[in-house]
There are 4 protein chains.
Amino acid sequence: MTRNRPAQDQHERLRALRHQVWQANLDLQRHNLVTFTWGNVSGIDRESGLVVIKPSGVDYDELSAENMVVLDLDGHVIEGDLNPSSDTPTHLELYRVYPEIGGVVHTHSKHATSWAQAGKPIPALGTTHADYFYGDIPCTRALSDEEIKHDYELNTGVVIAETIGDNDPLAIPGIIVKEHGPFSWGKNADKAVYNAVVMEVVADMALQTLQINPQIDHLNPALLDKHYLRKHGANAYYGQSSSNNE
Amino acid sequence: MTRNRPAQDQHERLRALRHQVWQANLDLQRHNLVTFTWGNVSGIDRESGLVVIKPSGVDYDELSAENMVVLDLDGHVIEGDLNPSSDTPTHLELYRVYPEIGGVVHTHSKHATSWAQAGKPIPALGTTHADYFYGDIPCTRALSDEEIKHDYELNTGVVIAETIGDNDPLAIPGIIVKEHGPFSWGKNADKAVYNAVVMEVVADMALQTLQINPQIDHLNPALLDKHYLRKHGANAYYGQSSSNNE
Amino acid sequence: MTRNRPAQDQHERLRALRHQVWQANLDLQRHNLVTFTWGNVSGIDRESGLVVIKPSGVDYDELSAENMVVLDLDGHVIEGDLNPSSDTPTHLELYRVYPEIGGVVHTHSKHATSWAQAGKPIPALGTTHADYFYGDIPCTRALSDEEIKHDYELNTGVVIAETIGDNDPLAIPGIIVKEHGPFSWGKNADKAVYNAVVMEVVADMALQTLQINPQIDHLNPALLDKHYLRKHGANAYYGQSSSNNE
Amino acid sequence: MTRNRPAQDQHERLRALRHQVWQANLDLQRHNLVTFTWGNVSGIDRESGLVVIKPSGVDYDELSAENMVVLDLDGHVIEGDLNPSSDTPTHLELYRVYPEIGGVVHTHSKHATSWAQAGKPIPALGTTHADYFYGDIPCTRALSDEEIKHDYELNTGVVIAETIGDNDPLAIPGIIVKEHGPFSWGKNADKAVYNAVVMEVVADMALQTLQINPQIDHLNPALLDKHYLRKHGANAYYGQSSSNNE
């Protein structure tokens, strides 16, 4: 019995993760972030290094905890009969580079994608943004023709990591990939979806803000500090516990 | 028995107020004014000076009349196990300064928040606005770094009151706080929610109006008078009683 | 028996009209044209000259065929305990001036109201517009201070009629009142609601069109003729009968 | 028995096609592409050359597989008591010119129609577009007065075909007709509806993109190739089979 415990534990954790990732994928639809199948969520079990991700091109109605695909960090399918999301190499690269990330989301949500197509970072213009993103949401450079032609999805992850550099990925838990669309992440799949919703809202409001007042610049850095830090870190006081919004 | 009557009366009033404030918080969601938990409504029982407000960071689905938080005007929690909304000091300041206010609402509704981020008052451009707001909806100045660093939420209320000055808070029952978002109020929690909806609608239409015609200025003051006064005050004739929209 | 027939006929017609006007008011909500109670529909029984209209300030949920208000063309309430819509004098003026009109609608729908606030006619830019409106949807002049101060709602109708002049009101079955919002009409209450929906859609698209191409002008008059006339008049061939869209 | 087989086969195919076309018409409504009856879908059985199309001006609620209209490619009604969509001659022309097309859709969806009214092609600005349209979505020239006055609906099809020229209609499976609105197509009715949805989404995002950054130009051609070809053709790898998105 004792010998089997670790295997059983991993089995239980993966079972729970499959369920969480399945529900997180459905949450994309509940929050109106996806058209058809254009979005995917993954989550990782750091102990085993196994990633659970949505299968490619399957309708949200047909998703289940059971048809999620399980891969290792090198991209080998460990469990599942369906092809994983075509964006899997991007997800895996983010998990490899940032051990603090537990969930990744990609969508083509309309407002954030419009900023990506415009090739501009989403500026931090108010406290809604500051509550979850500790500064502008960056826009990557365009991929080179070579990066597009070979290992495109992997290179998308590489360029994201290049843009983040040494910054804390959880302080600004999302990015827009130029000419493409938003990626977000978090401590787990649920937080990554939450951040995808926030990106869409602030992208919507940022455009309206600039239409009302084209001269507007970034919000006061003191206000950025205040709002971000009242929700995150040791001195957070929003919600029912200090870790509520981490 | 007689001795207990006042205590029983207060108990009944608070019970009714908890129910009203709970439902008013749900109304924010029904009117599409909130994403996640980003909004809060409070109401006050003026006789006892007790305020009922939404708990902080709790999903709307999990709210109930019972888990609303009751505080006195100094911010001491009188009833409730959960932390009150982090914006509570702003609500309390408004109740202290304006005895005519019975309910307060704060949201990050998208259109009104965009005007707040743009740092511009929402101009009175038509009768929809004039029906409920007797002039432009003002935008506060930005808080100073000091005001942000210490007692931020209280200072938000202070700056709102500074902006309203000696004007009647019920004549223009809402404001946008620069770089932040809208606050509204009314004779009770329901009216405050009603005014939050109106602010969002007129904020949406004001931007569209300026996009159609950037030269447009304020509506005719005679029309502002007509529409506001046919719904408010002694000579109101809209609805089924003269006090219908007060 | 024979003597009572005409009274019975009128009773039946009014009963049917109450039902139609009640449902037409609910249709405003189904088509997302109204916030709260900000819209009203009326219909007229031309034989008796009686008008059925929504009561003022009553929630859509509480409307019924029974609580609709019945008035004569001079504004005397014939049946009903509630106050009629405060916009009733506008409706009555339109019925008095244009015998071909059988239903009238007023809303504050967001896109059409934005054009009204901007003080610009909604230009005929495509076939969607041409299918139902045979030219630009005009914008009235602003009412004078005198017209606002005395008999405001009546004068709103007078200024609408002044704008239409000798043109056929059914060829362009709607108008926007400057600084206020849209009115529409039709052969009956249902058609008037239909035209209110069309106005909102074409108002939305007209702004987007001008944002994409500020140089755009009106659509080809030959195309306006083609689309309008394939749906209206003796040579109509859209739908299942030539009178389908009249 | 044997003699009847071909007739039975055709009967079965038409029965299935009626069902598919009926459901595809309802999908227009489910995807919010239509107001009232303003959209139509058809499908063709290439073996018999028979086309199934929505009847004209009938509410979506009243549509059924049974009341779809069946015509031959010359426009003779073969089955059905109702008038076919007034846009039928446009559909037929597309089927006659492009044997690879199995379904056609026309709507007045708001964003795509706004581009049509603006008379501008919808530019390929990002990967969402590139996933389904291998380049800009063209805008036709305006029809001449003569083309409008005689055989208008047929000439709409002729001008669409003139615009596509020798290009592969399935590589860019949609177009906007100037001053009118979008048409899309695909291997069958379902794919045509899918492409109508994509057109509406990319039309929405293209305007927002240009509002954020008016200087933006087309996406990198290498990225257009990558995204289009990972979903279409021999080397596709998106979804669960290479033909998933054809």
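## A covered helix

Let us start with helix α3 of chain D. Its buried residues pack against elements of two chains: α4 (127-130) and α7 (189-212) of chain C, together with β5 (103-107), β6 (174-177), β7 (181-186) and α7 of chain D. Here, helices are DSSP runs of H or I with at least four residues, strands are runs of E with at least two, and both are numbered from the N terminus. Buried means under 20% relative accessible area, found with a 1.4 Å probe and counting protein chains only.

How many residues of α3(D) are buried? The count is 7 of its 9 residues, so α3(D) is mostly covered. They are Ala112(D), Thr113(D), Ser114(D), Trp115(D), Ala116(D), Gln117(D) and Ala118(D). Just after α3(D) comes Gly119(D), with a positive phi of about 70 degrees.

## Where the model comes from

This is a predicted model, in which local features need pLDDT of at least 70 and side-chain atom pairs count only at pLDDT 80 or more, while totals for chains, interfaces and linings use all residues. Residues are numbered from 1 along each chain as its sequence is written, chains are lettered from A and ligands numbered from 1 in the order in which they are written, and side-chain values use heavy atoms, leaving out hydrogens and water.

## Two helices crossing

Two packed helices are described by the angle between their axes and the distance between the axes. For α3 (residues 110-118) and α7 (residues 189-212) of chain D, the axes come within 7 Å and cross at roughly 60 degrees. Each axis is a line fitted to C-alpha atoms over the stretch in contact, and angles run from 0 to 180 degrees between N-to-C directions.

Which residues make the contact (heavy atoms within 4.5 Å)? From α3(D) come Lys110(D), His111(D), Ala112(D) and Trp115(D). From α7(D) come Glu200(D), Ala203(D), Asp204(D), Ala206(D), Leu207(D) and Leu210(D).

## Chain A as a whole

Now look at chain A, which has 8 helices and 7 strands. Its C-alpha trace spans about 65 × 45 × 35 Å along its principal axes. Of its 246 residues, 61% are buried. Among its contacts between residues at least 6 apart in sequence, 61% join residues at least 24 apart.

## Chains that do not touch

Chain A and chain C share no contact, and their closest C-alpha atoms lie 12 Å apart. Chain B and chain D also have no contact between them, with 12 Å separating their closest C-alpha atoms.

Terms used
Contact = heavy atoms within 4.5 Å. Buried < 20%, exposed > 50% of the residue type's maximum accessible area, 1.4 Å probe, protein only.
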